[in-house]
Amino acid sequence: MSDTDTLIEVRQVTRRFAESTAIKEVSFDVYRGELLTVVGSSGCGKSTLARMMAGLDSPTSGEISIDGKVIDGPSPDRGMVFQKYTLFPWLTVVKNVMFALTVQGQGRRSAESEAMQWVEMIGLSDFAHRYPHELSGGMQQRVAIARSLAARPKVLLMDEPFGALDAQTRQKMQHHLLTICEHVDITVVFITHDLDEAIFLADRVLVLKPNPGEIQDIVNVSLPKPRCIDLQFSHAFVELRTKLASMIHHADEEEDLPMHMLTMKHA
Amino acid sequence: MIERLPRERLLIAGSFLLPLLIWSIISYVPFVWHPNVVITDPGDVSWFRAGMEVTREQFSAETEKTTDDGLIAPAGERVNPVYLPAPHKVATAMYTAFTTEPKRRSEKWLHESLWHSITVIFWGFTLSSLIGIPLGVLCGTYRPMSLLIEPFVEFFRYFPAPAFGALAVAILGIHDAPKIAIIFIGTFFQQVLIVANTTRLLDPMLIEAAKTLGAEGRSLLLRVVVPGVLPNLYRDSRILLGWAWTYLIVAELIGTSSGITWFITQQARYKNFDNVFAAIMLIGLIGLLTDVILAKTGRRLFRWQPAEATP
Ligand SMILES: Nc1ncnc2c1ncn2[C@@H]1O[C@H](COP(=O)(O)OP(=O)(O)OP(=O)(O)O)[C@@H](O)[C@H]1O
Ligand SMILES: [Mg+2]
């Protein structure tokens, strides 16, 4: 792809914590309009990477830029959906979705009618005036997505947003997300440790390897769109899945070597 | 709204009925305690007078003496000491205290005393909250603020509020101002620390989510922190209000004694212990009633909370 298609540039980013290096010298691009999924075993720095892209955390060295501007804090042009439910419990569904709009000074009336359209889009019009605790986990995450999108971000960062949902709901949510992406002009960085999810959603899959978090590979997913559930049984899907699984497994095995563990502990 | 099961209602009623039952047994069943005898007929005992209260030992000793000497034995009834009046006496006292005019013109009716106490509490607590709650929220939100304010507050809160009594009178005069000041001092410093801690307990993920939605500074404080901690602040305030009542008794003794405390000390001096009990119970009732009303209001105000989160 050409340079003009790049939305986010991650350059030589390292994030060290007191006792560990979560991300080490990671560089990649996120293309405008794509859905990039990030996979890797637990603790390999996926959340840390997403938080740095959101501006909620900053790199120890290296930099991340969006549209050529270096990120130095959170901003509504980078929405984030967390694994934990983070709707504001004191606001109704529609008021949650209005949040970004009213914070930016938009009038109540127009903000509300705009928010209602988002609520309609996620299929929760009947719940517009309910409070978050009256909603199921899947519904809450749908509202969280709408709330982020209402801010008109350039990119939507999603950190295992469906991680707490049961398998069936999770599948429905994946469909919802893909449908939304068809209708809205948005770039998505989606973090998961579920390989099926990663492949099903992705244009590209970024594989991280742990200790320290480094890029193992970036894999193109050239499966046809729109994606449907049967795809998971196709030869291409299974092949890709096996490839990614062995990549992650390989990276994990490296980590599990006793010698490695010893040096880690003494470090 | 929490629906209470019938069994739960029964237990709640029982929590009041049980102490009342114990009190009634002690008061009305003679052999449980009743250590004294009130003389109905002094007989030939020279120092006995009708209506006088003596211990059972004295009474039986005198009865023995008179029968041995062939004189008329005294008669009497077993009673509890004056400082433990029976429930019906306290109930009557509560009623008569509201209906009988004070003995001296300068003295106040019970309800006037009570009302005076309530206004003192109200002003002390309101003034403290007006400054303490915003200050606490700021301390809980902004670390530099917390570092600047909290260490001193932490130090100051160990000063017993009543110790400032004499000082308060010297500065503020003898009327209500020093009393309000004592309640203020007793509440304020605890309030700042409690509110700051409550504010710090707000889920940091909510703040992060708000930041990614464009909230910062003032909008973050007013649209996320404040509404997020409000139900917990409300609960804190209910507890703090209870503490304010404990400072009231000391506050009312400084300067010119006033309010319900004046009534209690006055009645105790006349040994009208039924009135003393009546007044103490009134304080309890007022406290309980305000708390129940505040709890109900709270549930109405914070409908967005799941029912199990409200006590
Ligand atoms: N605030 C922090 N302080 C210290 N160490 C941290 C902090 N956040 C993350 N780490 C460390 O950085 C590493 C990567 O953490 P991170 O949460 O990014 O992993 P992850 O890939 O998201 O894992 P999971 O799949 O379990 O969510 C871990 O070793 C973790 O202990
Ligand atoms: Mg994570």
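In this predicted model, the area buried between chain A and chain B is about 2000 Å², and carbon and sulfur atoms give 71% of that area. The exercises below start from this interface and then turn to other parts of the structure.

**Exercise 1.** Work out which three residues supply 30% of the area that chain A buries against chain B, and how many salt bridges are counted between the two chains.

*Solution.* Begin with the contacts themselves, where 26 residues of chain A meet 20 residues of chain B. Finally, turn to the charged side chains, for which the count between chain A and chain B is 2 salt bridges. In one salt bridge, the side chains of Arg51(A) and Glu208(B) meet at 2.6 Å, N to O.

**Exercise 2.** Decide whether helix 2 of chain A is largely enclosed or left open, and find what covers its buried residues.

*Solution.* Among the buried residues are Val93(A), Asn96(A), Phe99(A) and Val103(A). Then ask what lies over them: the cover includes helix 3 and helix 4 of chain A, together with helix 8 and helix 9 of chain B. Just after this helix, Gly105(A) takes a positive phi of about 90 degrees.

**Exercise 3.** Describe the second largest pocket by its volume and by the residues that line it.

*Solution.* The volume of this pocket is about 420 Å³. Its lining has 20 residues, and those nearest the centre are Pro89(A), Leu206(B), Gly228(B), Trp304(B) and Gln305(B). Sorting the lining by type gives 12 nonpolar, 7 polar and 1 charged, while sorting by element shows that helix 9 of chain B gives the largest share, 4 residues.

**Exercise 4.** Find where Glu160(A) and His34(B) lie, and decide for each whether it is buried or exposed.

*Solution.* Glu160(A) lies in the loop between strand 7 and helix 5 of chain A, and its phi is near 45 degrees, a positive value in a residue other than glycine. With a relative accessible area of 11%, Glu160(A) is buried, since buried means under 20%. His34(B), in the loop between helix 1 and strand 1 of chain B, has a positive phi of about 35 degrees, and at 5% relative accessibility His34(B) also counts as buried.

Notes
Residues are numbered from 1 along each chain as its sequence is written. Chains are lettered from A and ligands numbered from 1 in the order in which they are written. This is a predicted model: local features need pLDDT of at least 70, side-chain atom pairs count only at pLDDT 80 or more; totals for chains, interfaces and linings use all residues. Side-chain values use heavy atoms; hydrogens and water are left out. On a 1 Å grid over the protein atoms alone, a cavity is a set of points where a 1.4 Å probe fits but cannot get out, and a pocket is an open set with protein on both sides within 12 Å along at least five of seven lines; lining residues have an atom within 4 Å of a point. Grid points are joined across faces, edges and corners, and a volume is the space filled by probe spheres set on the points. Helices (H or I, at least four residues) and strands (E, at least two) are DSSP runs, numbered from the N terminus. Ala, Val, Leu, Ile, Met, Phe, Trp, Tyr, Cys and Pro count as nonpolar, Asp, Glu, Lys and Arg as charged, and the others, Gly among them, as polar. Buried means under 20% relative accessible area, exposed over 50%, partly exposed in between (1.4 Å probe, protein chains only). Contact means heavy atoms within 4.5 Å. Buried area is the accessible area (1.4 Å probe) that two parts lose on being put together, summed over both. A salt bridge is a side-chain nitrogen of Lys or Arg within 4 Å of a carboxyl oxygen of Asp or Glu.
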